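Subject: The structure for you to look at

Dear colleague,

I am handing over the structure we spoke about, and below it you will find my notes on what was found. Please keep it open beside you while you read.

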Amino acid sequence: MKLAHDGIQLSFDIAGAGPLQFLFVHGLGGDRTHFAPQMEYFARQGRALNAELRGHGESDKPQQAYSIEGFAEDLVFLCNRQQITKPVIVGQSMGGNMALEIAARYPDFPAGLVLLDSGVLFPASAGTVFAGYLEGLKGANFADEARKIVADSCLPTDRCRAHVEQTFLATPQHVLVSTFTSLFPWDVHRARECAQACRVPVLYIEAAHRLADLDRFAALCPQLVTAKAVGSGHFLSLEVPEQINPMIDRFISLYVRSPG
């Protein structure tokens, strides 16, 4: 399905019925296939919207600045138009950043957040590495740099690597560069504020490589619950759904208030 927001066609899937509501948000270079295992699983429990960010998948890819804040507004628009109310927002990588942005801007909108290996409050070691990635994405060999980012993000045992590489390479250079450029300013200027403003339950599931300062996160957001997936690189929604889905189930059953 598609809906136009400010003249930009946004692609999404929607499925299921019931009181529980879900919003799934992929990360940079992804598309809605990154949450296919979760859609199949959670659409049996409630109503689920699996969004494709502008610039990604089958959504329009205009020449413009891309930002966490802009993506967040698109997502709220889609949910409002599809009557998705009080969703549990599940975001992988920068999709989790958007979930936090939404929770800060619209405190009454989400029922809870699940962040899958999101780069929130980056550890100091990430800066140099990510700056190198950005320079590579800006160059003539950006496709090779995209492959390198995927390879570095995966474990050697990850079966999803080839699929993730395809979705990255299907994302235009101008989208990758602009979106990647927006991540660091957001982390510096918004992450702390958003974490502190968040009032709903939050689950952070970490993969093999640490992308967040979870101690700082917990200090700002005392309701944070943390977990770690076993044997998965960054794209854990695809790689180990048999671990991720039950963790989300347990988090909802213990911490997220049932509708009504």
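How much accessible surface does the chain have, and what percentage of that surface belongs to carbon and sulfur atoms? The accessible surface comes to about 10,600 Å², and carbon and sulfur atoms account for 53% of it. Please bear in mind throughout that this is a predicted model, and that every value below was computed from it.

**The chain as a whole**

The chain holds eleven helices and eight strands. Its radius of gyration is 17 Å, close to the 18 Å that the globule rule gives for 260 residues, so the chain is as compact as a globular protein of that length. If you draw a box along the principal axes, the C-alpha atoms fill roughly 55 × 40 × 35 Å. Of the 260 residues, 56% are buried. If we take the contacts between residues at least 6 apart in sequence, 73% of them join residues that are at least 24 apart.

**The sheet**

The eight strands form an open sheet with mixed pairing, and their order across it is β1-β2-β4-β3-β5-β6-β7-β8. At the edges are β1 (2–5) and β8 (224–228), each of which pairs on one side only. Neighbouring strands of the sheet are turned against each other by 20° on average, with direction ignored.

With β3 (residues 20–25), strand β4 (residues 46–51) pairs in the parallel sense over six bridges; here L20 stands opposite G46, and V25 stands opposite A51. With β2 (residues 8–15), on the other hand, β4 runs antiparallel, and four bridges join the two strands; in this pairing A15 stands opposite A48. Five of the six residues of β4 are buried, so this strand is largely enclosed by the rest of the structure.

Another is α11 (residues 241–255), which touches β3, β5, β6, β7 (202–206) and β8, and whose direction makes about 160° with that of β7.

**The cysteines**

How many disulfides does the chain contain? The count comes to zero. A disulfide is a covalent bond between the sulfur atoms of two cysteines, and a pair is counted here when those atoms lie within 2.5 Å. For C160, the nearest cysteine sulfur is that of C154, 4.9 Å away, and C160 is in no disulfide. For C198, the closest cysteine sulfur is in C221, at 4.6 Å, which is too far for a bond. Both of these residues lie under the 20% cut-off for being buried: C160 has a relative accessible area of 8%, and C198 has one of 2%.

**A residue in a helix**

I149 lies in helix α5 (residues 142–153) and is buried, with a relative accessible area of 7%. Leaving aside residues up to four places away in sequence, I149 touches Y133, L137, F168 and F180.

**Two residues with a positive phi**

K86, in the loop between α2 (68–81) and β5, has a positive phi of about 50° although it is not a glycine. L121, in the loop between β6 and α4 (126–138), likewise is not a glycine and has a positive phi of about 55°.

With best wishes

Conventions
Residues numbered from 1 in each chain as written. Predicted model: local features only at pLDDT ≥ 70, side-chain atom pairs only at ≥ 80, totals over all residues. Heavy atoms only, no water. Pairing = 2+ DSSP bridges. Axes fitted to C-alpha atoms, helices over the stretch in contact; angles between N-to-C directions. Contact = heavy atoms within 4.5 Å. Rg over C-alpha atoms; globule rule 2.2 N^0.38 Å. Buried < 20%, exposed > 50% of the residue type's maximum accessible area, 1.4 Å probe, protein only. Areas by Shrake-Rupley, 256 points an atom, 1.4 Å probe, with all protein chains shown as cover.
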